[in-house]
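Have the viewer open while you go.

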Amino acid sequence: MNEVVLDSYGFPRWRDEVRAKWAPLVFSPIPGSYERLVVACAVVGPGSHHVQVGNQLSRLGCLYGAEAEIISSAVYHLVNSLAEDIKQRGIEALLEPRLALEGAELGRVREAAGQSVESIAHDWLATLSSFHIAPKKDADILLRAAHSLSDAKSRVDSLPIMVFDSLSKKHLELSAYFSEDIRNGRVRRRRNSAFEVTIDFSGKKLVANFATLGAGGVSASAGNIKERLWDLKVDRERDKSKKVRAHELIIKLPDDDHPELTDRKRQNFSAVLSSLEAQADEAEMRLRSFTSVRSISEHIEKREAA
């Protein structure tokens with residue numbers, strides 16, 4: 001069984017993680033139509049490959065009626081021929097596809113990591129297509145593993161409520177984008193469920209979580225920030241909206257003249273902040289830091305008004 005471990009940034013990953021190239025198989029069943037269906041996902045890794053066809057092709061009947069069976073047969077023919085081509089030509093079959101039917105094409109080839117080529121195919125096909133339900137998402141498995149591996153103490157951070165109070169006084173319409181707990185004045189505590197992903201602010205253009213990097217318990221604060229960043233990462237991967245929203249982790253830093261920031265603590269604080277920024281870059285996420293609730297509120301206003 002592939003074991004889950006934490007990487008150097010504190011993110012969970014598979015010990016024997018598989019990195020592979022993948023591409024969606026797109027099919028237009030009506031010649032000349034703009035209608036395009038994502039029907040399969042092809043994955044090619046080092047020494048292994050997998051082409052996953054959508055396991056909910058029965059839904060074609062809702063769209064095409066009596067023609068659904070013919071379309072389904074065409075899809076299986078495409079998938080089988082693509083799998084055979086990958087067996088013969090490897091990654092070249094994705095980069096320079098020779099598909100068996102007109103109206104079929106491969107989407108952009110991208111790279112991913114997962115437990116196996118099969119799990120990568122399931123995960124991305126379920127994300128992109130209405131014709132597939134993944135048995136289990138790697139993100140959910142890893143999220144559960146992160147909580148079992150990390151023995152973090154229960155944490156409380158009132159920053160989200162402070163930001164909510166600040167914004168709702170000036171822009172009542174923005175207050176609706178905060179989570180129900182924040183709107184009801186409940187401070188965030190450690191989640192009860194390993195599968196629960198907590199998002200503080202989900203607007204039209206910005207999705208954000210808030211966390212405080214305290215001058216005192218720097219290590220505990222950093223652990224909380226890692227958890228908040230992971231929630232954002234999972235939410236971004238699950239986001240099915242057509243529009244692209246920015247995902248940001250917004251943290252509040254202590255003032256430079258904070259009494260607890262001795263020279264030694266300043267050095268430690270700076271090192272922790274640099275590590276968190278590197279972790280955010282690794283996750284292809286934006287980490288923004290401010291020293292006041294007011295500046296955070298102004299930033300959110302500008303992002304949503306842009």
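## A helix crossing to start with

In which hand, left or right, does H6 pass H11? The crossing is right-handed. The contact draws on Leu159, Met162, Val163, Ser166, Leu167 and Lys170 from H6, and on Val293, Ile296, Ser297, Ile300 and Glu301 from H11. Keep in mind that this is a predicted model.

As for the geometry, helix H6 covers residues 159–170 and helix H11 covers residues 293–305.

## The chain as a whole

Zooming out, the protein chain has 11 helices and 11 strands. It runs to 306 residues, and 46% of them count as buried. Its accessible surface comes to about 16300 Å², with 49% of that belonging to carbon and sulfur atoms.

What about contacts along the chain? Taking those with a separation of 6 or more, 66% are between residues 24 or more positions apart.

Now look at the loop between helix H4 (117–128) and helix H5 (138–149), where you'll find His132. Is His132 buried or exposed? His132 has a relative accessible area of 4%; the cut-off for buried is under 20%, so His132 counts as buried.

One is another histidine: the side chains of His132 and His122 make a polar contact at 2.9 Å. The other is backbone: a polar atom of the His132 side chain lies 3.1 Å from the backbone nitrogen of Asn55.

Setting aside residues up to four places away in sequence, His132 touches a run of Gln52, Val53, Gly54, Asn55 and Gln56. His122, Leu125 and Ala126 are also on its list of contacts.

With 9% relative accessibility, Ser129 counts as buried. A polar atom of its side chain lies 2.9 Å from the backbone nitrogen of Phe131.

Step back to Thr127 and you're in helix H4. Thr127 is buried as well, with a relative accessible area of 15%. Which backbone atom does the side chain of Thr127 have 2.9 Å from one of its polar atoms? That's the backbone oxygen of Asp123. Thr127 also pairs up across the sequence: Arg238 is 111 residues away along the chain, yet the two C-alpha atoms are 6.8 Å apart in space.

## Thr212 at the end of S9

Last stop: Thr212, in strand S9 (residues 206–212). How open is this spot? At 27% relative accessibility, Thr212 counts as partly exposed, because that class lies between the 20% and 50% cut-offs.

Thr212 and Asp157 are 55 residues apart along the chain, and their C-alpha atoms are separated by 6.9 Å. Asp157 is also among the residues Thr212 contacts once neighbours within four places in sequence are left aside; the others are Leu159, Ser221, Ile225 and Lys252.

How values were computed:
Residues are numbered from 1 along each chain as its sequence is written. This is a predicted model: local features need pLDDT of at least 70, side-chain atom pairs count only at pLDDT 80 or more; totals for chains, interfaces and linings use all residues. Side-chain values use heavy atoms; hydrogens and water are left out. Helices (H or I, at least four residues) and strands (E, at least two) are DSSP runs, numbered from the N terminus. Buried means under 20% relative accessible area, exposed over 50%, partly exposed in between (1.4 Å probe, protein chains only). Contact means heavy atoms within 4.5 Å. Accessible areas come from the Shrake-Rupley method with a 1.4 Å probe; for residues, only the protein chains shown count as cover. A polar contact is a pair of N or O atoms within 3.5 Å; within protein, one must be able to donate a hydrogen and the other to accept it, and residues adjacent in sequence count only if both atoms are side-chain atoms. Axes are lines fitted to C-alpha atoms, for helices over the stretch in contact, and angles run from 0 to 180 degrees between N-to-C directions. A crossing is left-handed if the near helix is turned anticlockwise from the far one by less than a right angle, and right-handed if clockwise.
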